[in-house]
Amino acid sequence: MKPSEAERLYSITQIERGLWAQGIYAGGMDEVGRGPLSGPVVTACVVMPEEPLLEYVKDSKKLSESRREKLFPLLCETALCFGVGEASPREIDELNILNATRLAFKRAYAAMAQPPALVLVDAVTGLDIPAEQRAIVHGDALSYLIAAASIIAKVTRDRYMAEMDALYPQYGFAQNKGYGTAAHIAALREFGPCPIHRNSFIGHFTEKRV
């Protein structure tokens, strides 16, 4: 039988409840956008209170766009503190996607008014931040804090890509969010890349550069 939402929230806060019991308010950190052909990689760091636990907070990939949009303001209002960071397509080209992601995490942490002393990170290690780091594989499915960060990062990036769709409508960014769909790749081959494409990601599809 499928667990109730209360039971699911209890399960996804096992790590957090252990910390809260010690008076530790950790930050959850996650990224969105490592795989797309265009746009930035976006990260978030979020510190949430013990109460209220927000229903439906889970891995952003398992939520509908409408649900994410509803949760986004609730998370921002409920969070004790949060920060968002990004690394640009040019930084991704120059640093590689892993190092650019680490840079975006550093920026998200630095953007916080009260950065936490401990962070739970979805899989990525070796962040250049002055905090204890615990990398959790599949963290966005196992940790309430990381899931909250994934939603904030996802909505932030998706909104940016929708804005870019207005500037570069031929690529369908509002629909594909920069991922390599068949229609996006066809547009790349027809029109070449635009300024927000990642040149290091598109060599298989076009030899044109910007």
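**A ring cluster and its surroundings**

Tyr171, Phe173 and Phe191 are linked into a cluster by ring pairs. The model is a predicted one, in which local features need pLDDT of at least 70 and side-chain atom pairs count only at pLDDT 80 or more, whereas totals for chains, interfaces and linings use all residues. Residues are numbered from 1 along each chain as its sequence is written, and side-chain values use heavy atoms, with hydrogens and water left out.

Student: How many aromatic pairs does a search of the whole structure find?
Tutor: Rings of Phe, Tyr and Trp (its six-membered ring) pair if their centres lie within 6.5 Å; planes under 30 degrees apart count as stacked, over 60 as edge-to-face and the rest as tilted. When the whole structure is searched, the number of aromatic pairs found is 2.

Student: Is the pair of Tyr171 and Phe173 stacked or edge-to-face?
Tutor: The ring centres of Tyr171 and Phe173 lie 5.4 Å apart. Their planes stand at 15°, so the pair is stacked.

Student: What kind of pair do the rings of Tyr171 and Phe191 form?
Tutor: The centres of these two rings, in Tyr171 and Phe191, are 6.5 Å apart. Because their planes meet at 75°, the pair is edge-to-face.

Student: How many residues apart in sequence are the parts that the pair of Tyr171 and Phe191 ties together?
Tutor: Helices (H or I, at least four residues) and strands (E, at least two) are DSSP runs, numbered from the N terminus. Tyr171 lies in the loop between α7 (144-167) and α8 (173-176), while Phe191 belongs to helix α9 (residues 182-191). The pair therefore ties together parts whose separation in sequence, in residues, is 20.

Student: Is Phe191 buried or partly exposed?
Tutor: Buried means under 20% relative accessible area, exposed over 50%, and partly exposed in between (1.4 Å probe, protein chains only). Tyr171, at 3% relative accessibility, counts as buried, and Phe173 is buried as well. Phe191 has 42% relative accessibility and so counts as partly exposed.

Student: What percentage of the 210 residues in the protein chain is buried?
Tutor: The protein chain holds 9 helices and 5 strands, and its C-alpha trace spans about 55 × 40 × 30 Å along the principal axes. Of the 210 residues in this chain, the buried share is 51%.

Student: What radius of gyration does the protein chain have?
Tutor: The radius of gyration is taken over C-alpha atoms, and the globule rule is 2.2 Å times the number of residues to the power 0.38. For 210 residues a compact globule would have a value near 17 Å, and this agrees with that of the protein chain, 18 Å.
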